[in-house]
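Morning, everyone. Please have the model open on your screens, and we will walk through it together.

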Amino acid sequence: GTVQLAFTLRKLKFSPYLPNQTLRNAATDFAVIVSILIMTLIGNVLFSSIPLETLNVPESFAPTFQCCDETCETNWPNDCWEQKEPFGYRPWLVNLADLNGKNWVPIMAAG
């Protein structure tokens, strides 16, 4: 339903339905967003008695990599299973120059 509605709204670009080309371009630019909103509204209003599967979203917006120690090179609990709690979370800004001894990575990425 959502994909079909998005494709139908994309066809408005070359149709005579809206008064000018600017509105037709705006409708096609936001076709995917509008189709998602319309189908979400239909699902929540018309089919409210049917349980719908939704995406599980965390309550806070934060990095999810939990560190074992202050260097934050190991992942808790996989790399330090003997620890009861993680040391903390990885910071937002990651040092991209730290390659952990893998100096070949930029060469492969550039190649």
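Start at Asn-95, which sits in the loop between S2 and helix H4 (105-110). A word on those labels: helices (H or I, at least four residues) and strands (E, at least two) are DSSP runs, numbered from the N terminus. And a word on the source: this is a predicted model, where local features need pLDDT of at least 70 and side-chain atom pairs count only at pLDDT 80 or more, while totals for chains, interfaces and linings use all residues. Residues are numbered from 1 along each chain as its sequence is written, and side-chain values use heavy atoms, with hydrogens and water left out.

Is Asn-95 buried or exposed? Exposed, because its relative accessible area is 52%. The cut-offs are under 20% for buried and over 50% for exposed, with partly exposed in between (1.4 Å probe, protein chains only). Now look across to Lys-13. Asn-95 and Lys-13 are 82 residues apart in sequence, and their C-alpha atoms are 45 Å apart in space.

Leu-93 has a relative accessible area of 76%, so it is exposed. Asp-29 is 71 residues from Asn-100 in sequence and 43 Å away, C-alpha to C-alpha.

Next, the largest pocket. Asn-95 is back here: with Cys-72, Arg-90, Val-94 and Asp-98, it lies nearest the pocket's centre, out of 13 lining residues. A pocket, on a 1 Å grid over the protein atoms alone, is an open set of points where a 1.4 Å probe fits, with protein on both sides within 12 Å along at least five of seven lines; lining residues have an atom within 4 Å of a point. The space inside is about 340 Å³, a volume filled by probe spheres set on the points. What is the lining made of? Seven nonpolar, three polar and three charged residues.

Over to the loop between strand S1 (66-67) and strand S2 (88-89), where Pro-77 is placed. The peptide bond joining Trp-76 and Pro-77 is cis, with omega about 5°. Gln-83 is in the loop between S1 and S2 as well. At 28% relative accessibility, Gln-83 is partly exposed. Gln-83 and Glu-53 are 30 residues apart in sequence and 35 Å apart in space, C-alpha to C-alpha.

Last stop, helix H3 (residues 31-45), which holds Ile-38. Ile-38 has 35% relative accessibility, so this residue counts as partly exposed. That's the tour. Questions, please.

Note on methods. Nonpolar A, V, L, I, M, F, W, Y, C, P; charged D, E, K, R; others polar.
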